[in-house]
Amino acid sequence: MTRILKNSVSQALVSFYSLASEVVMSSAGEPKLLYNNRGVNFMEAHADMELRELQLYKPDASVGGKLLPKKKDRVLCIQVTRLKCGAVVVACTFDHRIADAYSGNMGRDGSI
C-alpha cells in the first residue's frame, strides 16, 4: 500500500512540482522556492490502536496530533499511519505560501 501511494505521489508531483521544493530565503530576505529535486517528506508510522478507538471528531484526545507529520524544510509532508486493525490514515501538511490560490498565481521565477 505504501509503495503504491509513494508512486502515486511521485506521478502527481510531475504536474505540481512546486510541492516538491523547499522554501529558502533569498539574498533580499524574501522567501523563494528552491527546486532541488529532493521530493517531499514522506513518513511511515504505526499506531497501537484500532480505527474504532480513534475519535475523528476530536483526534487530539485520542492520538494527540500524532497522525499529522511535522513539517520540516519541504513544502509538502505526508505521513501514512498504519493502525492495529489494518486501517491506514494518510495525512499531510504543507506550506500555505505555496499551496494556496494566491501563491499559485505568482511568477514562475521562484518568487513567492
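**Entry 1: helix α1**

Which strands are included in what covers the buried residues of α1? I found that the cover includes β3 and β4 (76–83), where contact means heavy atoms within 4.5 Å. I note that the model is predicted, that local features need pLDDT of at least 70 and side-chain atom pairs pLDDT 80 or more, whereas totals for chains, interfaces and linings use all residues. Residues are numbered from 1 along each chain as its sequence is written, and side-chain values use heavy atoms, with hydrogens and water left out.

I took helices (H or I, at least four residues) and strands (E, at least two) as DSSP runs, numbered from the N terminus. I took buried as under 20% relative accessible area, exposed as over 50% and partly exposed as in between, with a 1.4 Å probe and protein chains only.

I looked up the buried residues of α1, and they are T2, V9 and L13. They lie on the same side of α1 because they cover an arc of only 40° around the axis; the arc is that of the directions from the helix axis to the C-beta atoms. An α-helix has 3.6 residues a turn, so residues three or four places apart point the same way. On the face turned away from the buried side of α1, I listed the exposed residues R3, I4, Q11, V14 and S15.

I then checked the span of α1: its 14 residues reach 21 Å from first C-alpha to last, close to the 20 Å expected at 1.5 Å a residue. The expected span is 1.5 Å times one less than the number of residues.

**Entry 2: overall fold**

I recorded 4 helices and 5 strands, in the order α-β-β-β-α-β-β-α-α along the sequence. Of the 112 residues, 29% count as buried. Among contacts between residues at least 6 apart in sequence, 52% join residues at least 24 apart.

**Entry 3: aromatic pair**

I searched the whole structure for aromatic pairs (ring centres of Phe, Tyr or Trp, the latter by its six-membered ring, within 6.5 Å; planes under 30 degrees apart stacked, over 60 edge-to-face, the rest tilted). The search returned 1 pair. Y17 and Y35 form this tilted pair, with 5.5 Å centre to centre and 50° between the planes. The pair links distant parts of the chain, 18 residues apart: Y17 is in the loop between α1 (2–15) and β1 (22–25), and Y35 in the loop between β2 (31–34) and β3 (41–47). Y17 is partly exposed at 37% relative accessibility, and Y35 is partly exposed at 42%.

I examined S21, in the loop between α1 and β1, and found it buried at 1% relative accessibility. A polar atom of its side chain lies 2.5 Å from the backbone oxygen of S18. Beyond four places in sequence, S21 touches L33, L34, Y35, R74 and V75.

R74 sits in the loop between α2 (59–63) and β4 and is buried at 10%. Its side chain makes a polar contact of 3.0 Å with that of N41; such a contact is a pair of N or O atoms within 3.5 Å, and within protein one must be able to donate a hydrogen and the other to accept it, with residues adjacent in sequence counted only if both atoms are side-chain atoms. The R74 side chain also reaches the backbone oxygen of V40 at 3.4 Å.

**Entry 4: cysteines**

C77 is buried at 0%, whereas C85 is partly exposed at 40%.
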